[in-house]
Amino acid sequence: MDRSRPNKKYIPFTYKMMIPYLVLVLLTDMLVGYIAYTMLIQSRTEMAETNVRTALKQTMSNIHYQTDEIERMTNSLFLNTTFQNALQFRGQPLENMLKMRDDIVPYMKAPLQLYGNKLRLVLYSLNETMLDITGDEMSEPIGRSDYYVLSEQAIEGQEWFKSIVAGNEDSVWLQADTDRELSNISYFRKLVSSNVGPAVIGYIRVTARIDELFGNFSSFPIEQGIDLRLIDRASGLKMYEQGKVNEQAKAGSYLVISEELPLSDYVIEVRVPHTYLYKDASRMQFAITAVCSISFAVMAFIGFLVARLSGKKIKRIVYLVRSFQEGNFYKRIGFSGNDEFVYISNSFNQMATSIQELIRNVYEQGIQKKQAELDVLQAQISPHFLYNTLSTIGSLANMGEAEKVTSMVQGLAKFYRLTLNEGQVYISLEDELEQVKMYLEIQRVKYADAFEVHYDIDPGILQVPIIKLILQPFVENIFKHAWFGETIAIIITGKRFGDRIELKVIDNGIGMRPDTIRNMRLSTFRSDGYGLKNVEERIKLRYGNDFGIQIGSYFGAGTTVQIILPVDNEEIREVQGA
(Lines give C-alpha, C1' and ligand atoms only; values in the text may rest on other atoms or scores of the structure.)
Protein backbone atom coordinates (compact mmCIF):
# COMPACT_ATOMS: atom_id res chain seq x y z
CA MET A 1 0.00 0.00 0.00
CA ASP A 2 1.29 3.48 -0.93
CA ARG A 3 1.62 6.06 1.81
CA SER A 4 1.67 9.75 1.30
CA ARG A 5 4.86 11.45 2.23
CA PRO A 6 4.82 12.42 5.92
CA ASN A 7 6.40 15.82 5.29
CA LYS A 8 4.00 16.82 2.52
CA LYS A 9 2.99 20.46 2.82
CA TYR A 10 -0.63 21.35 3.50
CA ILE A 11 -2.66 24.50 4.00
CA PRO A 12 -4.42 24.66 7.40
CA PHE A 13 -8.19 24.88 7.19
CA THR A 14 -8.24 28.08 9.24
CA TYR A 15 -5.93 29.70 6.70
CA LYS A 16 -8.15 28.50 3.87
CA MET A 17 -11.03 30.24 5.62
CA MET A 18 -8.90 33.37 5.54
CA ILE A 19 -9.26 33.52 1.76
CA PRO A 20 -13.03 34.18 1.66
CA TYR A 21 -12.64 36.40 4.73
CA LEU A 22 -9.99 38.52 3.03
CA VAL A 23 -12.00 38.61 -0.18
CA LEU A 24 -15.03 39.82 1.78
CA VAL A 25 -12.95 42.46 3.60
CA LEU A 26 -11.38 43.56 0.32
CA LEU A 27 -14.74 43.83 -1.45
CA THR A 28 -16.16 45.75 1.52
CA ASP A 29 -13.23 48.16 1.54
CA MET A 30 -13.48 48.62 -2.21
CA LEU A 31 -17.22 49.27 -1.99
CA VAL A 32 -16.86 51.74 0.88
CA GLY A 33 -13.93 53.42 -0.86
CA TYR A 34 -15.84 53.65 -4.13
CA ILE A 35 -18.91 55.13 -2.43
CA ALA A 36 -16.80 57.63 -0.49
CA TYR A 37 -14.82 58.57 -3.59
CA THR A 38 -17.96 58.95 -5.68
CA MET A 39 -19.66 61.12 -3.05
CA LEU A 40 -16.61 63.32 -2.61
CA ILE A 41 -16.19 63.74 -6.37
CA GLN A 42 -19.89 64.49 -6.73
CA SER A 43 -19.69 67.05 -3.92
CA ARG A 44 -16.56 68.62 -5.42
CA THR A 45 -18.15 68.70 -8.88
CA GLU A 46 -21.33 70.29 -7.56
CA MET A 47 -19.32 72.90 -5.67
CA ALA A 48 -17.19 73.71 -8.71
CA GLU A 49 -20.26 73.87 -10.93
CA THR A 50 -21.97 76.15 -8.41
CA ASN A 51 -18.94 78.45 -8.39
CA VAL A 52 -18.94 78.61 -12.19
CA ARG A 53 -22.68 79.28 -12.33
CA THR A 54 -22.33 82.00 -9.69
CA ALA A 55 -19.51 83.62 -11.68
CA LEU A 56 -21.61 83.32 -14.81
CA LYS A 57 -24.54 85.06 -13.10
CA GLN A 58 -22.22 87.84 -12.01
CA THR A 59 -21.02 88.18 -15.58
CA MET A 60 -24.60 88.21 -16.81
CA SER A 61 -25.46 90.97 -14.35
CA ASN A 62 -22.45 92.97 -15.45
CA ILE A 63 -23.35 92.57 -19.14
CA HIS A 64 -26.92 93.52 -18.40
CA TYR A 65 -25.80 96.64 -16.57
CA GLN A 66 -23.30 97.63 -19.27
CA THR A 67 -25.75 97.12 -22.13
CA ASP A 68 -28.45 99.00 -20.28
CA GLU A 69 -26.03 101.93 -19.88
CA ILE A 70 -25.24 101.87 -23.58
CA GLU A 71 -28.92 101.77 -24.50
CA ARG A 72 -29.65 104.62 -22.09
CA MET A 73 -26.84 106.55 -23.74
CA THR A 74 -28.51 106.16 -27.14
CA ASN A 75 -31.90 106.99 -25.61
CA SER A 76 -30.55 110.31 -24.39
CA LEU A 77 -29.61 111.17 -27.95
CA PHE A 78 -32.75 109.68 -29.44
CA LEU A 79 -34.99 111.81 -27.21
CA ASN A 80 -32.93 114.98 -27.38
CA THR A 81 -34.84 117.41 -29.66
CA THR A 82 -31.92 119.83 -29.77
CA PHE A 83 -29.70 117.00 -31.03
CA GLN A 84 -32.35 115.99 -33.56
CA ASN A 85 -32.77 119.56 -34.85
CA ALA A 86 -29.05 119.95 -35.23
CA LEU A 87 -28.90 116.77 -37.31
CA GLN A 88 -31.56 118.18 -39.66
CA PHE A 89 -30.00 121.67 -39.93
CA ARG A 90 -28.83 122.59 -43.44
CA GLY A 91 -26.85 125.77 -43.72
CA GLN A 92 -23.57 127.17 -44.83
CA PRO A 93 -20.46 125.18 -43.90
CA LEU A 94 -19.55 127.61 -41.17
CA GLU A 95 -23.06 127.55 -39.79
CA ASN A 96 -23.05 123.77 -39.92
CA MET A 97 -19.71 123.61 -38.09
CA LEU A 98 -20.94 125.91 -35.35
CA LYS A 99 -24.17 123.95 -35.08
CA MET A 100 -22.25 120.74 -34.70
CA ARG A 101 -19.93 122.32 -32.13
CA ASP A 102 -22.78 123.59 -30.01
CA ASP A 103 -25.59 121.04 -30.40
CA ILE A 104 -24.07 117.73 -31.51
CA VAL A 105 -20.55 117.26 -30.17
CA PRO A 106 -21.35 118.17 -26.54
CA TYR A 107 -24.18 115.69 -26.42
CA MET A 108 -21.92 112.99 -27.81
CA LYS A 109 -18.98 113.71 -25.51
CA ALA A 110 -21.01 113.93 -22.30
CA PRO A 111 -22.15 110.29 -22.09
CA LEU A 112 -18.68 109.03 -23.06
CA GLN A 113 -17.21 110.87 -20.10
CA LEU A 114 -19.82 109.43 -17.76
CA TYR A 115 -19.48 105.83 -19.01
CA GLY A 116 -16.73 103.95 -17.21
CA ASN A 117 -15.43 101.79 -20.07
CA LYS A 118 -13.89 102.78 -23.38
CA LEU A 119 -16.43 103.23 -26.20
CA ARG A 120 -16.66 104.41 -29.76
CA LEU A 121 -19.76 106.52 -30.42
CA VAL A 122 -20.46 106.91 -34.13
CA LEU A 123 -23.18 109.13 -35.65
CA TYR A 124 -24.13 108.28 -39.25
CA SER A 125 -26.00 111.31 -40.61
CA LEU A 126 -28.34 111.48 -43.59
CA ASN A 127 -27.73 115.27 -43.78
CA GLU A 128 -25.24 115.67 -46.62
CA THR A 129 -24.31 119.15 -45.37
CA MET A 130 -22.96 117.84 -42.08
CA LEU A 131 -19.20 117.86 -41.66
CA ASP A 132 -17.34 114.58 -40.87
CA ILE A 133 -15.57 114.21 -37.55
CA THR A 134 -13.16 111.32 -37.42
CA GLY A 135 -11.34 109.93 -34.43
CA ASP A 136 -8.98 107.00 -34.02
CA GLU A 137 -8.69 104.50 -36.82
CA MET A 138 -11.71 102.21 -36.43
CA SER A 139 -9.78 99.17 -37.65
CA GLU A 140 -7.54 99.43 -34.57
CA PRO A 141 -8.46 98.16 -31.07
CA ILE A 142 -10.32 100.60 -28.86
CA GLY A 143 -7.72 102.41 -26.80
CA ARG A 144 -9.83 105.29 -25.49
CA SER A 145 -13.36 106.62 -25.66
CA ASP A 146 -13.91 108.51 -28.88
CA TYR A 147 -16.72 109.88 -31.06
CA TYR A 148 -17.26 110.12 -34.80
CA VAL A 149 -19.67 111.95 -37.12
CA LEU A 150 -19.82 110.29 -40.54
CA SER A 151 -22.04 110.24 -43.52
CA GLU A 152 -24.56 107.48 -43.95
CA GLN A 153 -22.88 106.80 -47.29
CA ALA A 154 -19.93 105.27 -45.34
CA ILE A 155 -22.05 102.22 -44.48
CA GLU A 156 -24.80 102.07 -47.06
CA GLY A 157 -22.92 99.47 -49.06
CA GLN A 158 -22.19 97.20 -46.09
CA GLU A 159 -24.08 93.89 -46.00
CA TRP A 160 -24.80 94.17 -42.30
CA PHE A 161 -26.39 97.59 -42.84
CA LYS A 162 -28.44 96.34 -45.75
CA SER A 163 -29.70 93.48 -43.61
CA ILE A 164 -30.83 95.90 -40.88
CA VAL A 165 -32.60 98.15 -43.35
CA ALA A 166 -34.25 95.20 -45.08
CA GLY A 167 -35.44 93.87 -41.77
CA ASN A 168 -36.66 97.31 -40.72
CA GLU A 169 -34.97 96.86 -37.34
CA ASP A 170 -34.94 99.86 -35.02
CA SER A 171 -32.14 98.68 -32.75
CA VAL A 172 -29.87 95.66 -32.77
CA TRP A 173 -26.70 94.31 -31.23
CA LEU A 174 -24.27 92.95 -33.81
CA GLN A 175 -20.68 92.66 -34.94
CA ALA A 176 -20.08 94.99 -37.85
CA ASP A 177 -17.03 95.71 -39.95
CA THR A 178 -13.93 94.76 -37.91
CA ASP A 179 -15.77 94.03 -34.67
CA ARG A 180 -15.22 90.26 -34.93
CA GLU A 181 -11.46 90.64 -35.47
CA LEU A 182 -11.14 93.15 -32.63
CA SER A 183 -13.47 91.23 -30.24
CA ASN A 184 -15.89 94.15 -30.17
CA ILE A 185 -19.66 94.36 -30.31
CA SER A 186 -21.83 97.25 -31.51
CA TYR A 187 -25.28 98.58 -30.64
CA PHE A 188 -26.87 100.04 -33.75
CA ARG A 189 -29.99 102.22 -33.56
CA LYS A 190 -32.09 104.41 -35.82
CA LEU A 191 -32.53 108.08 -35.07
CA VAL A 192 -36.05 109.19 -35.93
CA SER A 193 -37.28 112.78 -36.10
CA SER A 194 -40.02 113.61 -33.66
CA ASN A 195 -41.01 116.84 -35.39
CA VAL A 196 -42.53 115.81 -38.70
CA GLY A 197 -43.62 112.14 -38.80
CA PRO A 198 -41.37 109.18 -38.12
CA ALA A 199 -38.59 110.03 -40.62
CA VAL A 200 -35.11 108.51 -40.22
CA ILE A 201 -32.56 111.28 -39.74
CA GLY A 202 -29.51 109.13 -38.91
CA TYR A 203 -28.07 106.16 -37.08
CA ILE A 204 -26.22 105.78 -33.82
CA ARG A 205 -23.59 103.05 -33.37
CA VAL A 206 -21.95 102.40 -30.01
CA THR A 207 -19.01 99.97 -30.15
CA ALA A 208 -17.68 98.39 -26.95
CA ARG A 209 -15.03 95.80 -26.14
CA ILE A 210 -16.65 92.48 -25.28
CA ASP A 211 -14.19 91.73 -22.52
CA GLU A 212 -15.16 95.02 -20.81
CA LEU A 213 -18.82 94.09 -21.12
CA PHE A 214 -18.09 90.75 -19.44
CA GLY A 215 -16.20 92.42 -16.66
CA ASN A 216 -13.43 90.90 -14.55
CA PHE A 217 -12.44 87.36 -15.62
CA SER A 218 -10.93 86.48 -12.23
CA SER A 219 -14.12 84.55 -11.43
CA PHE A 220 -13.28 82.23 -14.33
CA PRO A 221 -9.94 80.44 -13.91
CA ILE A 222 -9.14 80.55 -17.62
CA GLU A 223 -5.64 79.23 -16.95
CA GLN A 224 -7.17 75.96 -15.69
CA GLY A 225 -8.88 75.22 -18.99
CA ILE A 226 -12.23 77.04 -18.61
CA ASP A 227 -13.44 78.52 -21.89
CA LEU A 228 -15.84 81.50 -22.15
CA ARG A 229 -17.66 82.12 -25.43
CA LEU A 230 -20.17 84.55 -26.89
CA ILE A 231 -22.19 82.81 -29.60
CA ASP A 232 -24.72 84.07 -32.10
CA ARG A 233 -27.45 81.47 -31.73
CA ALA A 234 -29.05 82.34 -35.06
CA SER A 235 -25.92 81.75 -37.14
CA GLY A 236 -24.05 79.51 -34.73
CA LEU A 237 -20.95 81.69 -35.14
CA LYS A 238 -18.53 82.25 -32.28
CA MET A 239 -18.34 86.00 -31.73
CA TYR A 240 -15.88 86.05 -28.85
CA GLU A 241 -13.83 83.53 -26.91
CA GLN A 242 -11.72 83.79 -23.80
CA GLY A 243 -9.69 80.67 -23.07
CA LYS A 244 -8.92 77.71 -25.30
CA VAL A 245 -10.79 74.46 -25.86
CA ASN A 246 -8.92 71.28 -26.72
CA GLU A 247 -10.60 70.45 -30.01
CA GLN A 248 -9.26 66.89 -29.88
CA ALA A 249 -10.86 66.21 -26.51
CA LYS A 250 -13.76 63.79 -26.34
CA ALA A 251 -17.28 65.14 -26.61
CA GLY A 252 -18.16 64.41 -22.99
CA SER A 253 -14.96 65.83 -21.49
CA TYR A 254 -16.50 69.27 -20.83
CA LEU A 255 -19.37 70.52 -18.72
CA VAL A 256 -21.23 73.12 -20.81
CA ILE A 257 -23.19 75.89 -19.05
CA SER A 258 -25.02 78.46 -21.18
CA GLU A 259 -27.18 81.53 -20.49
CA GLU A 260 -29.12 83.73 -22.90
CA LEU A 261 -28.04 87.35 -23.07
CA PRO A 262 -30.38 90.36 -23.45
CA LEU A 263 -28.60 91.02 -26.77
CA SER A 264 -30.79 89.75 -29.60
CA ASP A 265 -30.05 86.03 -30.08
CA TYR A 266 -26.72 85.93 -28.29
CA VAL A 267 -25.78 83.24 -25.79
CA ILE A 268 -22.90 83.19 -23.37
CA GLU A 269 -21.45 79.73 -22.99
CA VAL A 270 -18.95 78.43 -20.44
CA ARG A 271 -17.10 75.15 -21.04
CA VAL A 272 -15.65 73.65 -17.90
CA PRO A 273 -13.25 70.74 -18.40
CA HIS A 274 -13.76 67.73 -16.19
CA THR A 275 -10.10 68.00 -15.26
CA TYR A 276 -11.00 71.21 -13.44
CA LEU A 277 -14.02 69.65 -11.79
CA TYR A 278 -11.95 66.63 -10.74
CA LYS A 279 -8.75 68.50 -9.99
CA ASP A 280 -8.73 67.20 -6.42
CA ALA A 281 -9.75 63.70 -7.47
CA SER A 282 -6.24 62.24 -7.44
CA ARG A 283 -5.56 63.60 -3.96
CA MET A 284 -8.88 62.31 -2.66
CA GLN A 285 -8.35 58.99 -4.42
CA PHE A 286 -4.93 58.65 -2.81
CA ALA A 287 -6.33 59.46 0.63
CA ILE A 288 -9.25 57.04 0.27
CA THR A 289 -6.97 54.32 -1.12
CA ALA A 290 -4.57 54.80 1.77
CA VAL A 291 -7.37 54.59 4.33
CA CYS A 292 -8.87 51.49 2.68
CA SER A 293 -5.45 49.85 2.40
CA ILE A 294 -4.73 50.47 6.06
CA SER A 295 -8.18 49.14 6.95
CA PHE A 296 -7.60 46.02 4.87
CA ALA A 297 -4.16 45.48 6.40
CA VAL A 298 -5.54 45.83 9.93
CA MET A 299 -8.45 43.49 9.24
CA ALA A 300 -6.11 41.00 7.55
CA PHE A 301 -3.78 41.11 10.56
CA ILE A 302 -6.66 40.58 12.95
CA GLY A 303 -7.97 37.73 10.81
CA PHE A 304 -4.51 36.16 10.73
CA LEU A 305 -4.25 36.33 14.52
CA VAL A 306 -7.69 34.77 14.92
CA ALA A 307 -6.87 32.05 12.40
CA ARG A 308 -3.53 31.36 14.05
CA LEU A 309 -5.03 31.13 17.53
CA SER A 310 -8.00 29.03 16.48
CA GLY A 311 -5.82 26.80 14.31
CA LYS A 312 -3.36 25.75 16.99
CA LYS A 313 -5.53 22.90 18.23
CA ILE A 314 -6.19 21.66 14.71
CA LYS A 315 -2.48 21.86 14.01
CA ARG A 316 -1.72 19.67 17.02
CA ILE A 317 -4.23 17.11 15.81
CA VAL A 318 -2.66 17.15 12.33
CA TYR A 319 0.81 16.62 13.77
CA LEU A 320 -0.47 13.70 15.81
CA VAL A 321 -2.10 12.19 12.72
CA ARG A 322 1.21 12.51 10.90
CA SER A 323 2.97 10.76 13.76
CA PHE A 324 0.47 7.92 13.46
CA GLN A 325 1.05 7.87 9.71
CA GLU A 326 4.77 7.45 10.36
CA GLY A 327 4.07 4.55 12.73
CA ASN A 328 4.40 6.37 16.05
CA PHE A 329 1.31 5.29 18.00
CA TYR A 330 2.60 6.28 21.42
CA LYS A 331 1.83 9.98 21.32
CA ARG A 332 -1.30 11.35 22.94
CA ILE A 333 -3.09 14.66 22.82
CA GLY A 334 -4.98 16.58 25.50
CA PHE A 335 -7.04 19.78 25.44
CA SER A 336 -8.50 21.70 28.32
CA GLY A 337 -11.95 23.14 28.23
CA ASN A 338 -15.35 21.87 27.20
CA ASP A 339 -15.62 21.99 23.43
CA GLU A 340 -15.46 19.72 20.40
CA PHE A 341 -11.67 19.59 20.48
CA VAL A 342 -11.77 17.89 23.87
CA TYR A 343 -14.13 15.26 22.46
CA ILE A 344 -11.87 14.78 19.42
CA SER A 345 -8.77 14.40 21.57
CA ASN A 346 -10.41 11.80 23.85
CA SER A 347 -11.66 9.79 20.87
CA PHE A 348 -8.28 10.07 19.20
CA ASN A 349 -6.43 8.81 22.24
CA GLN A 350 -8.80 5.84 22.52
CA MET A 351 -8.24 5.08 18.83
CA ALA A 352 -4.46 5.17 19.31
CA THR A 353 -4.68 2.70 22.15
CA SER A 354 -6.85 0.39 20.07
CA ILE A 355 -4.43 0.60 17.15
CA GLN A 356 -1.51 -0.37 19.38
CA GLU A 357 -3.42 -3.41 20.58
CA LEU A 358 -4.30 -4.37 17.00
CA ILE A 359 -0.67 -4.08 15.98
CA ARG A 360 0.35 -6.48 18.70
CA ASN A 361 -2.48 -8.95 18.14
CA VAL A 362 -3.00 -8.83 14.39
CA TYR A 363 -0.39 -6.90 12.45
CA GLU A 364 2.65 -8.57 13.94
CA GLN A 365 1.02 -11.96 13.53
CA GLY A 366 0.24 -11.08 9.93
CA ILE A 367 3.86 -10.13 9.33
CA GLN A 368 4.98 -13.47 10.72
CA LYS A 369 2.47 -15.25 8.51
CA LYS A 370 3.60 -13.32 5.45
CA GLN A 371 7.22 -14.11 6.19
CA ALA A 372 6.34 -17.78 6.52
CA GLU A 373 4.52 -17.68 3.18
CA LEU A 374 7.53 -16.01 1.56
CA ASP A 375 9.82 -18.64 2.98
CA VAL A 376 7.58 -21.38 1.59
CA LEU A 377 7.52 -19.69 -1.83
CA GLN A 378 11.28 -19.25 -1.71
CA ALA A 379 11.63 -22.96 -0.96
CA GLN A 380 9.60 -23.87 -4.06
CA ILE A 381 12.53 -23.26 -6.37
CA SER A 382 12.81 -26.37 -8.48
CA PRO A 383 15.76 -28.66 -7.62
CA HIS A 384 15.98 -29.63 -11.27
CA PHE A 385 18.54 -26.92 -11.98
CA LEU A 386 20.86 -28.23 -9.25
CA TYR A 387 20.24 -31.84 -10.29
CA ASN A 388 20.87 -31.11 -14.00
CA THR A 389 23.96 -29.07 -13.25
CA LEU A 390 25.46 -31.78 -11.06
CA SER A 391 24.70 -34.37 -13.76
CA THR A 392 26.46 -32.20 -16.33
CA ILE A 393 29.45 -31.79 -14.00
CA GLY A 394 29.64 -35.59 -13.56
CA SER A 395 29.54 -36.16 -17.32
CA LEU A 396 32.28 -33.60 -17.88
CA ALA A 397 34.39 -35.21 -15.16
CA ASN A 398 34.08 -38.65 -16.81
CA MET A 399 35.11 -37.01 -20.09
CA GLY A 400 38.17 -35.48 -18.45
CA GLU A 401 36.98 -31.87 -18.98
CA ALA A 402 38.59 -30.67 -15.79
CA GLU A 403 38.61 -26.99 -16.82
CA LYS A 404 34.90 -26.99 -17.62
CA VAL A 405 34.14 -28.91 -14.42
CA THR A 406 36.03 -26.28 -12.44
CA SER A 407 34.22 -23.42 -14.21
CA MET A 408 30.77 -24.97 -13.61
CA VAL A 409 31.49 -25.70 -9.94
CA GLN A 410 32.73 -22.14 -9.36
CA GLY A 411 29.75 -20.71 -11.17
CA LEU A 412 27.33 -22.95 -9.23
CA ALA A 413 28.94 -21.95 -5.94
CA LYS A 414 28.71 -18.26 -6.73
CA PHE A 415 25.11 -18.69 -7.96
CA TYR A 416 23.96 -20.26 -4.68
CA ARG A 417 26.00 -17.84 -2.60
CA LEU A 418 24.11 -14.98 -4.22
CA THR A 419 20.82 -16.91 -3.89
CA LEU A 420 21.28 -17.49 -0.18
CA ASN A 421 22.51 -13.88 0.38
CA GLU A 422 23.16 -14.60 4.08
CA GLY A 423 19.43 -15.07 4.60
CA GLN A 424 18.55 -11.55 3.36
CA VAL A 425 15.42 -11.16 1.26
CA TYR A 426 16.63 -8.07 -0.64
CA ILE A 427 19.67 -7.79 -2.85
CA SER A 428 20.75 -5.01 -5.20
CA LEU A 429 19.76 -5.19 -8.84
CA GLU A 430 23.44 -5.40 -9.63
CA ASP A 431 23.77 -8.63 -7.56
CA GLU A 432 20.58 -10.00 -9.12
CA LEU A 433 22.09 -9.46 -12.57
CA GLU A 434 25.34 -11.03 -11.40
CA GLN A 435 23.36 -14.11 -10.29
CA VAL A 436 21.74 -14.28 -13.76
CA LYS A 437 25.17 -13.98 -15.36
CA MET A 438 26.45 -16.87 -13.22
CA TYR A 439 23.49 -18.96 -14.29
CA LEU A 440 24.16 -18.12 -17.95
CA GLU A 441 27.85 -18.94 -17.57
CA ILE A 442 26.89 -22.40 -16.27
CA GLN A 443 24.54 -22.79 -19.23
CA ARG A 444 27.24 -21.58 -21.62
CA VAL A 445 29.47 -24.49 -20.51
CA LYS A 446 26.61 -26.80 -21.36
CA TYR A 447 25.43 -25.15 -24.59
CA ALA A 448 28.70 -23.58 -25.73
CA ASP A 449 27.99 -20.48 -27.88
CA ALA A 450 24.50 -21.50 -29.01
CA PHE A 451 22.87 -18.45 -27.35
CA GLU A 452 23.56 -14.71 -27.13
CA VAL A 453 22.79 -12.39 -24.23
CA HIS A 454 22.50 -8.57 -24.41
CA TYR A 455 22.12 -6.19 -21.45
CA ASP A 456 20.63 -2.67 -21.50
CA ILE A 457 20.54 -1.54 -17.87
CA ASP A 458 20.31 2.06 -16.65
CA PRO A 459 23.39 2.52 -14.41
CA GLY A 460 21.35 4.67 -12.05
CA ILE A 461 19.22 1.72 -10.87
CA LEU A 462 21.97 -0.86 -10.26
CA GLN A 463 21.93 -0.20 -6.52
CA VAL A 464 18.14 -0.31 -6.14
CA PRO A 465 17.29 -3.14 -3.69
CA ILE A 466 14.88 -5.80 -5.00
CA ILE A 467 13.77 -9.20 -3.71
CA LYS A 468 16.10 -11.92 -4.94
CA LEU A 469 15.36 -14.51 -7.61
CA ILE A 470 13.22 -12.20 -9.75
CA LEU A 471 15.00 -12.49 -13.10
CA GLN A 472 16.67 -15.93 -12.97
CA PRO A 473 13.44 -18.01 -13.07
CA PHE A 474 12.40 -16.33 -16.34
CA VAL A 475 15.85 -16.80 -17.88
CA GLU A 476 15.72 -20.45 -16.84
CA ASN A 477 12.31 -20.86 -18.48
CA ILE A 478 13.82 -19.65 -21.77
CA PHE A 479 16.17 -22.61 -21.84
CA LYS A 480 13.45 -25.06 -20.82
CA HIS A 481 10.49 -23.87 -22.89
CA ALA A 482 11.42 -21.21 -25.47
CA TRP A 483 14.39 -22.77 -27.27
CA PHE A 484 13.33 -24.57 -30.40
CA GLY A 485 16.12 -23.89 -32.94
CA GLU A 486 19.86 -24.09 -32.99
CA THR A 487 20.38 -20.69 -31.38
CA ILE A 488 18.45 -18.21 -29.28
CA ALA A 489 18.96 -14.56 -28.28
CA ILE A 490 18.17 -13.08 -24.87
CA ILE A 491 17.83 -9.37 -24.02
CA ILE A 492 17.65 -8.10 -20.43
CA THR A 493 16.74 -4.41 -19.93
CA GLY A 494 16.24 -2.14 -16.92
CA LYS A 495 14.84 1.41 -16.91
CA ARG A 496 13.56 3.88 -14.33
CA PHE A 497 10.20 5.66 -14.73
CA GLY A 498 9.60 8.08 -11.87
CA ASP A 499 9.40 6.11 -8.61
CA ARG A 500 9.30 2.74 -10.40
CA ILE A 501 11.72 0.52 -12.29
CA GLU A 502 10.88 -1.66 -15.25
CA LEU A 503 12.80 -4.90 -15.89
CA LYS A 504 12.31 -6.92 -19.07
CA VAL A 505 13.44 -10.39 -20.15
CA ILE A 506 13.05 -10.78 -23.92
CA ASP A 507 13.73 -13.81 -26.11
CA ASN A 508 13.17 -14.73 -29.74
CA GLY A 509 12.11 -18.28 -28.93
CA ILE A 510 9.00 -20.17 -29.86
CA GLY A 511 6.69 -18.04 -27.76
CA MET A 512 3.50 -19.10 -26.01
CA ARG A 513 -0.17 -19.38 -26.80
CA PRO A 514 -2.66 -17.36 -24.70
CA ASP A 515 -3.97 -20.45 -22.90
CA THR A 516 -0.41 -21.37 -21.92
CA ILE A 517 0.07 -17.96 -20.32
CA ARG A 518 -3.22 -18.31 -18.43
CA ASN A 519 -2.15 -21.72 -17.08
CA MET A 520 1.19 -20.29 -15.95
CA ARG A 521 -0.58 -17.51 -14.01
CA LEU A 522 -2.87 -20.03 -12.29
CA SER A 523 -0.14 -22.53 -11.32
CA THR A 524 1.99 -21.69 -8.32
CA PHE A 525 4.45 -24.51 -8.94
CA ARG A 526 5.31 -26.43 -12.04
CA SER A 527 7.07 -29.76 -12.08
CA ASP A 528 9.48 -28.51 -14.73
CA GLY A 529 10.35 -25.10 -13.35
CA TYR A 530 9.70 -22.14 -11.14
CA GLY A 531 6.04 -20.95 -11.56
CA LEU A 532 5.10 -17.47 -12.79
CA LYS A 533 2.44 -17.19 -10.06
CA ASN A 534 5.12 -17.94 -7.47
CA VAL A 535 7.20 -14.92 -8.52
CA GLU A 536 4.19 -12.65 -8.83
CA GLU A 537 2.91 -13.56 -5.36
CA ARG A 538 6.30 -12.81 -3.88
CA ILE A 539 6.28 -9.37 -5.53
CA LYS A 540 2.75 -8.53 -4.36
CA LEU A 541 3.42 -9.75 -0.80
CA ARG A 542 6.46 -7.51 -0.56
CA TYR A 543 5.41 -4.47 -2.57
CA GLY A 544 1.62 -4.50 -2.86
CA ASN A 545 -0.92 -5.03 -5.61
CA ASP A 546 0.28 -2.05 -7.68
CA PHE A 547 3.34 -4.04 -8.77
CA GLY A 548 3.82 -7.35 -10.54
CA ILE A 549 4.44 -9.08 -13.85
CA GLN A 550 3.06 -8.69 -17.37
CA ILE A 551 3.77 -11.21 -20.18
CA GLY A 552 3.51 -10.50 -23.88
CA SER A 553 4.07 -13.42 -26.24
CA TYR A 554 3.37 -14.26 -29.85
CA PHE A 555 3.55 -17.93 -30.71
CA GLY A 556 6.42 -18.52 -33.09
CA ALA A 557 7.98 -15.07 -32.54
CA GLY A 558 9.15 -14.85 -28.90
CA THR A 559 8.19 -13.68 -25.44
CA THR A 560 8.64 -10.50 -23.36
CA VAL A 561 8.30 -10.58 -19.57
CA GLN A 562 7.81 -7.15 -17.95
CA ILE A 563 8.46 -6.78 -14.20
CA ILE A 564 7.38 -3.55 -12.44
CA LEU A 565 8.96 -2.84 -9.03
CA PRO A 566 9.11 0.23 -6.77
CA VAL A 567 12.31 2.16 -6.28
CA ASP A 568 11.53 2.58 -2.59
CA ASN A 569 9.01 1.42 0.00
CA GLU A 570 8.73 1.30 3.77
CA GLU A 571 10.04 -2.27 4.10
CA ILE A 572 13.09 -1.43 1.98
CA ARG A 573 13.79 1.59 4.18
CA GLU A 574 13.53 -0.55 7.31
CA VAL A 575 15.95 -3.10 5.84
CA GLN A 576 18.38 -0.37 4.80
CA GLY A 577 18.06 1.32 8.18
CA ALA A 578 18.85 -1.97 9.96
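Colleague: Let me start with a helix: what covers the buried residues of α4?

Modeller: Happy to start there! The cover includes α1, α2, α3, β1 and β2 (146–151), judged by contact, meaning heavy atoms within 4.5 Å. Please keep in mind that this is a predicted model, where local features need pLDDT of at least 70 and side-chain atom pairs count only at pLDDT 80 or more, while totals for chains, interfaces and linings use all residues. Residues are numbered from 1 along each chain as its sequence is written, and side-chain values use heavy atoms, leaving out hydrogens and water.

Colleague: Which residues of α4 are called buried?

Modeller: Val105, Met108, Pro111 and Leu112 are the buried ones. The word stands for under 20% relative accessible area, with exposed for over 50% and partly exposed for what lies in between (1.4 Å probe, protein chains only).

Colleague: What makes you speak of a face of α4?

Modeller: Looking down the axis of α4, its buried residues fall within an arc of 150°, so they line one face of the helix. The arc is taken over the directions from the helix axis to the C-beta atoms. On the face turned away from the buried side, α4 carries the exposed residues Gln113 and Leu114.

Colleague: And α2, which of its residues are buried?

Modeller: In α2 (residues 81–88), these are Phe83, Gln84, Ala86 and Leu87. Down the axis of α2 they fall within an arc of 160°, so here too they line one face of the helix. They pack against α1 (13–78), α3 (93–103), α4 (105–114), β1 (119–125), β4 (184–192) and β5 (200–209).

Colleague: What happens at the start of α2?

Modeller: A side-chain oxygen of Asn80 reaches to within 3.0 Å of the backbone nitrogen of Thr82.

Colleague: Why is Asp227 called buried?

Modeller: Its relative accessibility is 0%, so Asp227 counts as buried. Asp227 belongs to strand β6 (residues 227–232).

Colleague: What joins the side chains of Asp227 and Arg229?

Modeller: A polar contact of 2.8 Å does. The term asks for a pair of N or O atoms within 3.5 Å; within protein, one must be able to donate a hydrogen and the other to accept it, and residues adjacent in sequence count only if both atoms are side-chain atoms.

Colleague: What order do the strands of the five-stranded open sheet have?

Modeller: The order is β2-β1-β5-β4-β3, with mixed pairing. The edge strands are β2 and β3, each of which pairs on one side only. Strands count as paired if DSSP finds at least two bridges between them.

Colleague: How many bridges join β1 to β5, and β4 to β5?

Modeller: Seven bridges join β1 to β5, and nine join β4 to β5; both pairs run antiparallel. Tyr203 in β5 is the bridge partner of Tyr124 and also stands opposite Lys190. Tyr187 has Val206 of β5 as its bridge partner.

Colleague: What makes you call β5 largely enclosed?

Modeller: Eight of its ten residues are buried, so the rest of the structure largely encloses β5.

Colleague: Which strands does α1 lie across?

Modeller: α1 lies across β1, β3, β4 and β5, running at about 25° to β4. Such angles run from 0 to 180 degrees between N-to-C directions, with axes fitted to C-alpha atoms, for helices over the stretch in contact.

Colleague: Where is Ser183 found?

Modeller: Ser183 is in the loop between α6 and β4. Although not a glycine, Ser183 has a positive phi of about 60°.

Notes: Helix = DSSP H or I, 4+ residues; strand = E, 2+ residues; numbered from the N terminus.
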